[in-house]
Amino acid sequence: MDAYYTAVDYYIHLSSRPIPYYDNKSEWQIYKKLFLSSPIPRTLLFEASVNPLPLLGVYLKKQTPAFYDGAQVSDHQNVIQSITTGFEEPAALSVFLGNIIDFKPKKRRSYAEGRGYMGTLVSVGNNHIKDNELVRDNWVEAEWKVKGDKKLADVKLHWSFRVGGKFHGNADIADVFYVGLRRARTDYGEKAFSFLKNSGIMYKYDFDVRNFNAVQHHFVVDKKFPMGKSRVVPTLAVGFVLRTKDKYKGSLKTEDEARFQFLFQPNVEF
């Protein structure tokens, strides 16, 4: 949960068997355990999510145009858009069908250190965000993903690997297949600078379902700045969104060339 994405979940367990636990602390063995878990789904999850900062960008452009235009630093670079770009939709409803693994130490099985997921996620929504403007679009997205969080006394680890497709009711937005990954690690007690500790990376590659041409690259790296043992961690992310000419057409196509948007995104992790 952060300023770019927040959600509420409701679980339905499809099996009388308890959620399996796994106590190994190795990051790579966690990935292996999830990939090799049972293919028979045992959990149904409903989720409602909202994306606060992308919505704030839409609000500022519509309600305070003078302030928004004052943040324009070049023809295709706006500081507000740089900060608020993160999701192409303001909100979504999702259904997950798959398996869950709890991470628990052997001697404290009632205490969860995090949770891993593997399965299929289907999401729907009725709006699309383009350059901080809302566009009417009934979309559906389906993906297979492995994701999770592991929380220890002094370390928090998040990961997400996914492949899927997103299909739009608005004919002026390209339907895409995609692959994506995200990995982030927070070491609360680490004070020395490290590229691996207290850092994160995210990359998503979209390509057209019709001809497999590249549609968009979204790349972000972040650095976390823990304050002792506090669970409130300031974060600074930088990256870019590279949008090709195949992303939009018709009334939404405003230029013939690729569009590059630099991202500069301060955040606070809880």
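Student: What radius of gyration would a compact globule with 270 residues have, and what does the protein chain have?

Tutor: This is a predicted model, in which local features need pLDDT of at least 70 and side-chain atom pairs count only at pLDDT 80 or more, while totals for chains, interfaces and linings use all residues. Residues are numbered from 1 along each chain as its sequence is written, and side-chain values use heavy atoms, leaving out hydrogens and water. The radius of gyration is taken over C-alpha atoms, and the globule rule is 2.2 Å times the number of residues to the power 0.38. For 270 residues that rule gives a value near 18 Å; the protein chain has 20 Å, which agrees. Its C-alpha atoms fill a box of roughly 60 × 45 × 30 Å along the principal axes.

Student: Which residues of α2 are buried?

Tutor: Buried means under 20% relative accessible area, exposed over 50%, and partly exposed in between, with a 1.4 Å probe and protein chains only. In α2 the buried residues are Leu53, Pro54, Gly57, Val58 and Leu60. They lie on the same side of α2, because they cover an arc of only 165° around the axis, the arc being that of the directions from the helix axis to the C-beta atoms. In general, an α-helix has 3.6 residues a turn, so residues three or four places apart point the same way.

Student: Against which elements do the buried residues of α2 pack?

Tutor: Helices (H or I, at least four residues) and strands (E, at least two) are DSSP runs, numbered from the N terminus. Contact means heavy atoms within 4.5 Å. The buried residues of α2 pack against α3 (65-69), α4 (79-84), β7 (114-130) and β8 (133-151).

Student: Is Thr43 buried or exposed?

Tutor: Thr43, in strand β3 (residues 43-50), is buried, with a relative accessible area of 3%. Among the residues that Thr43 touches, not counting those up to four places away in sequence, are Tyr11, Leu14 and Phe96.

Student: How many aromatic pairs does the structure hold?

Tutor: Rings of Phe, Tyr and Trp (its six-membered ring) pair if their centres lie within 6.5 Å; planes under 30 degrees apart count as stacked, over 60 as edge-to-face and the rest as tilted. The structure holds nine such pairs. The rings of Phe96 and Tyr117 have centres 5.9 Å apart and planes at 90°, so this pair is edge-to-face. The pair links distant parts of the chain, with Phe96 in strand β6 (residues 91-103) and Tyr117 in strand β7, 21 residues apart. Both Phe96 and Tyr117 are buried.
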